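Hi there,

Here is the structure I promised to pass on. Have a look at it first, and then read my notes below.

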Amino acid sequence: ARQASLMADAVGRHFPEGTRVSSPAGGYVLWVECPEYVDVLKLYGLAIGAGITICPGPIFSARGKYGNCIRLNAAFWSPPVEQAVETLGGFATE
């Protein structure tokens, strides 16, 4: 729970205003809903280019929904992970 809380806090600090985070009940992944203008498939490409792995929301829908959502693994927290969240937030703001 502590790891997920730390990551959710970092998303709140680094992602665009209006981003919402759903915390799991007993899990270690976060569902991040970005503002509508964020194209997470573009974000995914930028993230991969920076060595950061995320799960874009559309892979969880047969109808291509969740185009502004990502899933983040919050099982481990460290300064490099926080830097990755900050980098993602910057990409989401572009």
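**Aromatic pairs**

Searching the whole structure turns up 2 aromatic pairs. Rings of Phe, Tyr and Trp (its six-membered ring) are paired if their centres lie within 6.5 Å, and planes under 30 degrees apart count as stacked, over 60 as edge-to-face and the rest as tilted. Before going on, please keep in mind that this is a predicted model, where local features need pLDDT of at least 70, side-chain atom pairs count only at pLDDT 80 or more, and totals for chains, interfaces and linings use all residues. Residues are numbered from 1 along each chain as its sequence is written, and side-chain values use heavy atoms, with hydrogens and water left out.

W31 and F60 make an edge-to-face pair, with 5.7 Å from centre to centre and 75° between the planes. W31 sits in strand 2 and F60 in the loop between strand 3 and strand 4, so this pair ties together parts that are 29 residues apart in sequence. (Helices, H or I of at least four residues, and strands, E of at least two, are DSSP runs numbered from the N terminus.) The rings of W31 and Y66 are also edge-to-face, because their centres are 5.5 Å apart and their planes stand at 85°. Y66 lies in the loop between strand 3 and strand 4 while W31 lies in strand 2, so here the parts tied together are 35 residues apart in sequence.

How accessible is W31? At 23% relative accessibility, W31 counts as partly exposed. F60 is partly exposed at 36%, and Y66 is partly exposed at 38%. The classes are buried under 20% relative accessible area, exposed over 50%, and partly exposed in between (1.4 Å probe, protein chains only).

An open sheet is formed by 4 strands in the order 1-2-4-3, with antiparallel pairing; two strands pair if DSSP finds at least two bridges between them. Strand 1 (20-22) and strand 3 (55-56) are at the edges with a single partner strand each, so one side of each has no neighbour in the sheet. Helix 1 (residues 2-14) packs on the sheet and touches strand 1, strand 2 (29-33) and strand 4; its direction makes about 20° with that of strand 2. Contact here means heavy atoms within 4.5 Å, and axes are lines fitted to C-alpha atoms, for helices over the stretch in contact, with angles from 0 to 180 degrees between N-to-C directions.

Going through the pairings:

- Strand 1 and strand 2 are joined by 3 bridges, and R20 has E33 as its bridge partner in strand 2.
- Strand 2 and strand 4 are joined by 5 bridges, and the bridge partner of V29 in strand 4 is N73.
- Strand 3 and strand 4 (residues 69-73) are joined by 2 bridges, and C55 stands opposite R71 in strand 4.

Happy browsing!
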